[in-house]
Amino acid sequence: MTTMVSNLELLRRIPVFSRLTPSQAESIAEALEKRRFRRGEVLVQQHAHSDLLFILLTGRVRVTSTDKCGRQLVLCKLRGGDLLDEMSLIDNEPHTATMQAETHTDVLTLGRTDFLRCLQENTHVAHAVMVRLVQRLRQADRKIESFALLDVHGRVIRSLLEHAEQGPDGTMVIREKISRQDIAKMVGASREMVSRVMKDLEARGYTQTDASCQITLQGPFMQDFL
């Protein structure tokens, strides 16, 4: 339980803040507050303003964008060690996406003033935040590329690969349960279309789903989408 651990100890576990000196870490830790979100609770609402940085300790957060017609696109999922939503705190603009807890999620919160002071006073933190923003920009570029250049088949394959990790035998494995509806929201297609693509991949021997819903991806086709 995070309540049994001090804010300072929790802060030191976050990669972005790992190179702070003891005095720097203590100064930031004093401004932190712990919060717990239940599954389904919204941390950040699209188009709203917020003055808090969320430092994700445990759990999983889904980042989604919704248009005026109610159509939803899953942009990414965040886990322990990630920050949300630092972009809005830096430019003081509304949030571009909704961030919702997919599981019980523990976070530390830091106010905008303290966050900006931290960036100004600690070059290591500023650099780490900049690197994370660049990584997110690269992710966005890949998603734009997928929608512009790949058909639904290709977008589903790339989405699966993005959620997979290397297995001991060289295959790619998705250990976390992922529904057809989730994939559909990630690739901008209907659930029915995604189901057809998944059945086709399984029929060709490219994917295999076991009883625990773990998906194994195999075959040379994967290299074209990495």
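Visitor: Is C69 buried or exposed?
Guide: C69 is exposed, with a relative accessible area of 64%; exposed means over 50%, buried under 20% and partly exposed in between, with a 1.4 Å probe and protein chains only. This is a predicted model, in which local features need pLDDT of at least 70, side-chain atom pairs count only at pLDDT 80 or more, and totals for chains, interfaces and linings use all residues. Residues are numbered from 1 along each chain as its sequence is written, and side-chain values use heavy atoms, with hydrogens and water left out.

Visitor: What is the relative accessible area of C213?
Guide: For C213 the value is 30%, which makes this residue partly exposed.

Visitor: How many disulfides are there?
Guide: The count is zero, taking a disulfide as a pair of cysteine sulfur atoms within 2.5 Å.

Visitor: Turning to helices, which residues of α2 are buried?
Guide: In helix α2 (residues 22-29), A25, I28 and A29 are buried. They lie on the same side of α2, because their arc around the axis is only 100 degrees, judged by the directions from the helix axis to the C-beta atoms. Helices are DSSP runs (H or I, at least four residues), as are strands (E, at least two), numbered from the N terminus.

Visitor: What covers those buried residues of α2?
Guide: The cover includes α1 (7-12), β8 (105-111) and α4 (112-121), where contact means heavy atoms within 4.5 Å.
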